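Here is a short report on helix packing and pocket lining. Please read it alongside the model.

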Amino acid sequence: MRVLARGVRLAILAAFAVFFVAPLLWLLLAPTKTDQALVTKGPLSFGSFHNLAQAWSHLDAFSEHIYRGWIANSLVYALGATAIVLATAVPAGYGLALSRFPGRVLILTSTLIVMIMPAASLVLPIFLELDALHLIGSVLSVILPFAFFPFGVYIAYIYYSTAVPRDLLDAARIDGCGEWSTFWRIALPLARPVVALVFFFSFVADWNNFFLPYAVLADSSQYPIQVGLSNLLGTTPSFNPAVGGGGQQVNIFRPELALATLLAVIPVAVVFMLSQRALVRGLVAGAVKS
């Protein structure tokens with residue numbers, strides 16, 4: 001009976017693994033084939049590295065190297081906004097966790113409410129605010145809204161409320177450290193794990209954000225990679241037959257689109273690996289010896 005139950009469990013896990021892993025394998029192998037081979041050959045067959053190089057050549061040459069510009073724009077938007085988040089969210093979480101001041105509960109409640117609101121529901125008021133400040137179409141129209149990250153404040157608040165010993169901070173104050181010096185010299189080094197988490201979540205949220213840049217940017221050369229990929233899919237006859245009947249023909253096919261998607265994932269994967277390493281180092285360095 002146990003053998004049968006284990007076999008059923010393994011079969012279910014294998015089915016789920018195939019369901020989720022097979023599309024990833026197809027995406028990895030698609031750039032190595034020609035557009036025709038994607039249709040005629042097996043979905044998980046390997047083409048050639050020559051086809052991969054040719055797919056990159058076509059993708060890179062598309063619309064005067066605009067794909068590189070989309071990647072660069074995403075890095076500017078995500079890294080710029082994440083830098084502001086780290087400079088504001090971590091100190092804000094520290095202040096909310098360890099200070100008592102009028103309005104503290106209201107700020108915490110507002111942070112929780114905004115954190116659980118759908119991001120799309122804030123696009124219209126943000127658009128109107130940016131329009132009133134004449135920032136629509138500028139780099140700041142993306143970076144400033146991205147820098148509003150209440151989830152980072154909440155993570156820092158939880159960490160400082162539960163993981164940092166207050167006696168250690170009190171000892172620093174007794175030794176003559178002011179509040180800013182206590183935060184900078186004691187609390188912030190101990191919070192390296194949460195800094196890594198805030199960095200990772202903020203960067204990924206900014207990198208994957210589609211709706212806000214789509215609403216505030218009109219020039220395709222300013223698009224981040226997510227909006228650029230959507231625009232590329234919408235103008236490719238293989239995915240949108242409505243554009244294939246006439247007008248300007250777009251020389252981008254399925255292997256190039258698969259490669260574009262893969263390359264768009266690489267920065268997130270790199271940030272994930274770096275954040276994991278920083279998290280482990282921070283946990284070891286932030287341990288309190290007894």
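## Basis

This is a predicted model: local features need pLDDT of at least 70, side-chain atom pairs count only at pLDDT 80 or more, and totals for chains, interfaces and linings use all residues. Residues are numbered from 1 along each chain as its sequence is written, and side-chain values use heavy atoms, without hydrogens and water.

## α4 against α10

Helix α4 (residues 66-98) packs on helix α10 (residues 179-190) at about 110°, with axes 12 Å apart. The two are therefore roughly perpendicular (65 to 115 degrees; the angle runs from 0 to 180 degrees between N-to-C directions). Val90, Pro91 and Tyr94 of α4 meet Glu179, Thr182, Phe183, Ala187 and Leu188 of α10 (contact: heavy atoms within 4.5 Å). By class, this contact has 6 nonpolar, 1 polar and 1 charged residues.

## α4 against α8

α4 and α8 pack at about 45°, with axes 7 Å apart. They are therefore oblique to each other. The crossing is right-handed. The α4 side includes Ala89, Val90 and Tyr94, and the α8 side includes Gly152, Ala156 and Tyr160. This contact has 11 nonpolar, 3 polar and no charged residues.

## Largest pocket

The largest pocket has a volume of about 440 Å³ (a pocket is an open set of points on a 1 Å grid where a 1.4 Å probe fits, with protein on both sides within 12 Å along at least five of seven lines; lining residues have an atom within 4 Å of a point). Of its 19 lining residues, Ala119, Leu122, Pro145, Phe148 and Asn209 are the closest to the centre. The lining has 17 nonpolar, 1 polar and 1 charged residues.

Definitions and conventions: Helices (H or I, at least four residues) and strands (E, at least two) are DSSP runs, numbered from the N terminus. Angles under 35 degrees count as roughly parallel, over 145 as roughly antiparallel, 65 to 115 as roughly perpendicular and the rest as oblique. Ala, Val, Leu, Ile, Met, Phe, Trp, Tyr, Cys and Pro count as nonpolar, Asp, Glu, Lys and Arg as charged, and the others, Gly among them, as polar. Grid points are joined across faces, edges and corners, and a volume is the space filled by probe spheres set on the points. A crossing is left-handed if the near helix is turned anticlockwise from the far one by less than a right angle, and right-handed if clockwise.
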